[in-house]
Amino acid sequence: MLTESEKIWMDGKFVKWADAKVHVLTHTLHYGTGVFEGIRCYKTAKGSAIFRLKEHVDRLFDSCHIMNIKAPFSKQEITQAIIDTVKVNKLKECYIRPIVYVGYGAMGLYATSNPISVSIAAWPWGAYLGDEGIKNGIRVKVSSFARLHVNVSMTKSKTCGDYVNSTLAKNEAISCGYDEALILDTDGLVSEGTGQNIFIVRDGVLKTPPLPSVLEGITRRSIMEMAKKLKIAVLETDITRDEVYIADEAFFVGTAAEVTPIREVDNRTIGTGKPGPVTKKLQKLFFEIVKGEAKSYSKWLTKV
């Protein structure tokens, strides 16, 4: 269950959490043609700060553009609304969910006259895959569901309806006793998790699938920049499931997942079965950055 906060921003004004409602015939509820973002705010020694806020807002508007949805607010207005949502709820650390959706009006697949609405909610949310997962790693199952092909959906947009694919994969993995799913693309190559990008380490090289089949993850991009500064070789390349099996290390990254080690895939132990040295080094630096302890990365944080 969500831990409720006090207010949600809806189309330019704050309403009480319990009053943040939409009509049952809201278009996006039926057809999934909305877009969203997941953003985190962290507590630092100098107050709360939002991680890579500009990049998240930029991607939200990119998603709108891809889906041909005209947001009724500017980037500057949404940026300020996100900051204000954290402030008004007096949250020191939180997860933030902006969503742009097609509202109530015409039904059917072609409903270009419907109003476009924006909501922003924020609430306390701990480690998505659990504190134990962050510390010791998780068990992962390769899903029977494939990642949506680039000609089936728009893979660079965080489109609401696309996440049916992820919920199917997640539910399958959990029902089989795993913590998370690893999704392959339609060519059988490793793509991503249900809401995370994946990295593996082999012979000291950090590898991740190339962009055509994966979402342009902001945490993914951050990890690659961090690795280069740490003199860790980074390679965007095709990865097969059996290469994951024999990797020295593997981990998921994402706004919700942060940096979560993978200790097992399809009942195959990854490396030693514990978070490896590259994973731990990147994870440590990541949490130093988001908590404001790595001064050279301060530009990634927006103070609330």
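Predicted model: local features only at pLDDT ≥ 70, side-chain atom pairs only at ≥ 80, totals over all residues.
**Nonpolar cores**

The largest nonpolar core comprises 25 residues, and those with the most contacts inside it are Ile50, Ile78, Ile82 and Ile96. Two or more residues are given to this core by each of the elements β4 (39-44), α2 (53-66), α3 (75-88), β6 (94-102) and β7 (116-123). Apart from the core of 25 residues, there is a second, separate core of 24 residues, whose members include Ala49, Ile223, Met224 and Val253.

Leucine 53 is placed in helix α2, and it counts as buried because its relative accessibility is 1%. Not counting residues up to four places away in sequence, Leu53 touches Ile39, Thr79, Ile82, Ile83 and Thr302. Leucine 53 also lies 9.9 Å from lysine 303, C-alpha to C-alpha, although 250 residues separate the two in sequence.

Glutamate 180 is found in strand β9 (residues 180-184), and with a relative accessible area of 0% this residue is buried. Its contacts, again without residues up to four places away in sequence, include Tyr128, Leu129, Ile138, Val140 and Phe252, and among them are also Arg139, Lys141 and Lys170.

**Surface patch**

Val24, Leu25, Leu29, Tyr31, Tyr104, Met107 and Leu109 together make a nonpolar surface patch of about 720 Å². Of these residues, methionine 107 lies in the loop between β6 and β7, and it counts as partly exposed because its relative accessibility is 35%, a value that falls between the 20% limit for buried and the 50% limit for exposed residues.

**Positive phi angles**

Aspartate 11, which is not a glycine, has a positive phi near 50°, and glutamate 258, likewise not a glycine, has a positive phi of about 60°. Aspartate 11 lies in the loop between β1 (7-10) and β2 (13-16), whereas glutamate 258 is found in strand β15 (residues 258-265).

**Accessibility of the residues discussed**

| Residue | Relative accessible area | Class |
|---|---|---|
| Leucine 53 | 1% | buried |
| Methionine 107 | 35% | partly exposed |
| Glutamate 180 | 0% | buried |
| Aspartate 11 | 36% | partly exposed |
| Glutamate 258 | 6% | buried |

Technical notes. Residues numbered from 1 in each chain as written. Heavy atoms only, no water. Core = buried A, V, L, I, M, F, W, Y, C linked by side-chain atoms within 4.5 Å. Buried < 20%, exposed > 50% of the residue type's maximum accessible area, 1.4 Å probe, protein only. Helix = DSSP H or I, 4+ residues; strand = E, 2+ residues; numbered from the N terminus. Patch = residues over 30% accessible without salt bridge, like charges linked within 9 Å, V, L, I, M, F, W, Y side chains within 5 Å. Areas by Shrake-Rupley, 256 points an atom, 1.4 Å probe, with all protein chains shown as cover. Salt bridge = Lys/Arg side-chain N within 4 Å of Asp/Glu carboxyl O. Contact = heavy atoms within 4.5 Å.
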